[in-house]
Amino acid sequence: MIIYAVKSRRNGHSDVLIESNNPFAIAVLAAKYANESKEDEEKRYRFKRKLFRLILQKSSYPPVERRIYIATLIYFIDYLLQIPLELTKKLRGGKRNGVHGS
């Protein structure tokens with residue numbers, strides 16, 4: 001059983017979630033970012049790219065589950081933070097190039 005406690009702060013800091021190695025932290029961040037970027041496609045694109053980077057940087061996932069966690073989180077984020085086709089193409093180009101850029 002996995003138990004995950006989210007420390008919420010009124011001022012909106014996400015540091016605890018970003019630093020966490022728990023895959024549910026990424027899912028919580030995705031939901032938070034989706035809510036924060038409802039009306040701003042560029043912001044949603046930046047959040048999505050940031051989350052993809054976080055997923056790929058986390059090396060402490062158990063080796064057996066790592067592939068499953070990564071695929072599942074990317075699918076979840078892709079669904080939750082939907083962006084226009086031109087931004088999706090831009091994001092995919094970045095993923096092929098290691099998701100670099102600002």
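**A lysine and its surroundings**

Author: Lys-48 counts as buried, because its relative accessibility is 1%. Please keep in mind that this is a predicted model.

Reader: Which helix is Lys-48 found in?

Author: Lys-48 belongs to helix α3, which covers residues 41-57.

Reader: And what does the side chain of Lys-48 reach?

Author: The side chain of Lys-48 comes to 3.1 Å from the backbone oxygen of Leu-81. Leaving out residues up to four places away in sequence, Lys-48 touches Ile-77, Asp-78, Leu-81, Gln-82, Ile-83 and Leu-91.

Reader: OK, let's compare another lysine. Where does Lys-38 lie, and is Lys-38 buried or exposed?

Author: Lys-38 sits in the loop between α2 and α3, and it counts as exposed because its relative accessibility is 56%, where the cut-off for exposed is over 50%. Its side chain makes a polar contact, at 3.1 Å, with the side chain of Asn-35.

Reader: Which residues in α3 are buried?

Author: The buried residues in α3 are Arg-44, Tyr-45, Phe-47, Lys-48, Arg-49, Leu-51, Phe-52, Leu-54 and Ile-55. As background, an α-helix has 3.6 residues a turn, so residues three or four places apart point the same way.

Reader: How do α3 and α4 pack?

Author: Helix α4 covers residues 63-80, and it packs with α3 at an angle of about 175°, the axes being 10 Å apart. The two helices are therefore roughly antiparallel to each other. On the α3 side the contact is made by Lys-48, Leu-51, Phe-52, Ile-55 and Leu-56, while α4 contributes Arg-66, Ile-70, Leu-73, Ile-74, Ile-77 and Asp-78.

Reader: What about α4 itself, which residues are buried there, and what covers them?

Author: In α4, the residues Ile-70, Leu-73 and Ile-77 are buried, and what covers the buried residues of α4 includes α2 and α3. Helix α4 has 18 residues, and its span from first C-alpha to last is 26 Å, close to the 26 Å expected at 1.5 Å a residue.

Reader: At what angle do α2 and α3 cross?

Author: The axes of α2 and α3 cross at roughly 170° and come within 9 Å. That angle makes α2 roughly antiparallel to α3. Ile-26, Leu-29, Ala-30, Tyr-33 and Glu-36 of α2 make this contact with Lys-43, Phe-47, Lys-50, Leu-51, Leu-54 and Ile-55 of α3.

Reader: Switching to rings, how many aromatic pairs are there?

Author: The count comes to 1 aromatic pair when ring centres are required to lie within 6.5 Å. Tyr-33 and Phe-47 form it, and they are stacked, with 4.0 Å from centre to centre and 10° between the planes. The pair links distant parts of the chain, since Tyr-33 is in helix α2 (residues 23-36) and Phe-47 is in α3, 14 residues apart.

Reader: Are Tyr-33 and Phe-47 buried or exposed?

Author: Both Tyr-33 and Phe-47 are buried.

Notes
Residues numbered from 1 in each chain as written. Predicted model: local features only at pLDDT ≥ 70, side-chain atom pairs only at ≥ 80, totals over all residues. Heavy atoms only, no water. Phe/Tyr/Trp six-rings, centres within 6.5 Å; stacked < 30°, edge-to-face > 60°. Helix = DSSP H or I, 4+ residues; strand = E, 2+ residues; numbered from the N terminus. Buried < 20%, exposed > 50% of the residue type's maximum accessible area, 1.4 Å probe, protein only. Polar contact = N/O pair within 3.5 Å; in protein donor to acceptor, adjacent residues only side chain to side chain. Contact = heavy atoms within 4.5 Å. Axes fitted to C-alpha atoms, helices over the stretch in contact; angles between N-to-C directions. Parallel < 35°, antiparallel > 145°, perpendicular 65-115°, else oblique. Expected span 1.5 Å × (residues − 1).
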